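This report goes through one protein chain, from its overall form down to single side chains. The sequence and the structure come first, and the description follows.

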Amino acid sequence: MVDRQIAARGVRDRRVLDAMRRVPREMFVPEDLAESAYDDLALRVPAGQTISQPFVVALSIEALEVAPGDRVLEIGAGTGYAAVILGLLAAEVRAVERHPELVAYARERIARLDCRNVHVVEGDGSLGLPERAPYDAILVSAGGPQVPPSLREQLAIGGRLVMPVGQADTQELVVVTRRTREEWQERSLGPVTFVPLVGAEGWSAPTESATH
């Protein structure tokens, strides 16, 4: 999977590629989809959500430029797959998930893998996790109409945020770098389609979409 579907498509960060190789993706999908776990596809998971295709996970994490000492926030933990990969790259990962079923699902798998620096909490991800801020990197694994102001403010100076931004059915995967207290730089990694970011600073109600 890593060589053919990720490295061959342009992801070059060796730490990211190695982390992708180390995490057993089949643990993070339902048993009936285990045979498809290493296909470059989004797959359904509990609570009507999806696990992103491996290439988009790798592309997003590479863009975060996570260093070994970084503190990372993930919004939309899902089954915990990306959070565990981030845990191999960073000092600490906090992941927020709004579906209680997925919080339990992710925590169980994180415990089985003994990822002691990865923590999943239930909450409104659009508001971030201000009590642990600032963060060196923030990964938003759900699409919103804009980058929530709360997440911008919880990003450390020099920190990076990756998030799908746009309409409910299609977004641009953007990288936001905080240059100063009042200045953010933004660039696009291309079009994507993610499940909606639902919350006080996201969409007001769920809409049908599929994560890629």
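## Elements and overall form

Helices and strands are taken here as DSSP runs, at least four residues long for a helix and at least two for a strand, and they are numbered from the N terminus. The model is predicted, and in it the protein chain has 6 helices and 9 strands. With a radius of gyration of 15 Å, close to the 17 Å that the globule rule gives for 212 residues, the protein chain is as compact as a globular protein of that length.

The C-alpha atoms, taken along the principal axes, fill a box of roughly 45 × 35 × 30 Å, and buried residues account for 57% of the 212 residues. When contacts between residues at least 6 apart in sequence are considered, 53% of them join residues at least 24 apart.

## Helix H2 and its packing

Helix H2 spans residues 14–22, and within this helix Val16, Leu17, Ala19 and Met20 are buried. Because the buried residues of H2 fall within an arc of 160° when seen down its axis, they line one face of the helix. Those buried residues pack against three helices, namely H1 (2–6), H3 (54–64) and H4 (81–87).

Asp40 belongs to the loop between H2 and strand E1 (43–45); since buried means under 20% relative accessible area, Asp40 counts as buried at 19%. Although Asp40 and Ile6 are 34 residues apart in sequence, their C-alpha atoms are 8.8 Å apart in space.

Leaving aside residues up to four places away in sequence, Asp40 touches Gln5, Arg9, Gln53, Pro54 and Phe55. The side chain of Asp40 also reaches the backbone nitrogen of Phe55 at 3.0 Å, while the charged end of Arg9 sits over the ring of Phe55, 3.8 Å from the ring centre.

Ser141 is placed in the loop between strand E6 (135–140) and helix H6 (149–153), and its relative accessibility of 17% makes it buried. Its side chain makes a polar contact of 2.9 Å with the side chain of Glu74. Once residues up to four places away in sequence are set aside, Ser141 touches Glu74, Ile75, Gly76, Phe194 and Val195.

## Backbone geometry in the loops

The peptide bond that joins Ala133 and Pro134 is cis, with omega at about 5°, and Pro134 lies in the loop between strand E5 (118–122) and strand E6.

Asp114 occupies the loop between helix H5 (100–112) and E5, where it is partly exposed, with a relative accessible area of 47%.

## A further charge over a ring

The charged end of Arg109 sits over the ring of Tyr105, 3.5 Å from the centre of that ring.

Definitions and conventions. Residues are numbered from 1 along each chain as its sequence is written. This is a predicted model: local features need pLDDT of at least 70, side-chain atom pairs count only at pLDDT 80 or more; totals for chains, interfaces and linings use all residues. Side-chain values use heavy atoms; hydrogens and water are left out. A charge sits over a ring if NZ of Lys or CZ of Arg is within 6 Å of the ring centre and within 35 degrees of the ring normal. Buried means under 20% relative accessible area, exposed over 50%, partly exposed in between (1.4 Å probe, protein chains only). The arc is that of the directions from the helix axis to the C-beta atoms. Contact means heavy atoms within 4.5 Å. The radius of gyration is taken over C-alpha atoms; the globule rule is 2.2 Å times the number of residues to the power 0.38. A polar contact is a pair of N or O atoms within 3.5 Å; within protein, one must be able to donate a hydrogen and the other to accept it, and residues adjacent in sequence count only if both atoms are side-chain atoms.
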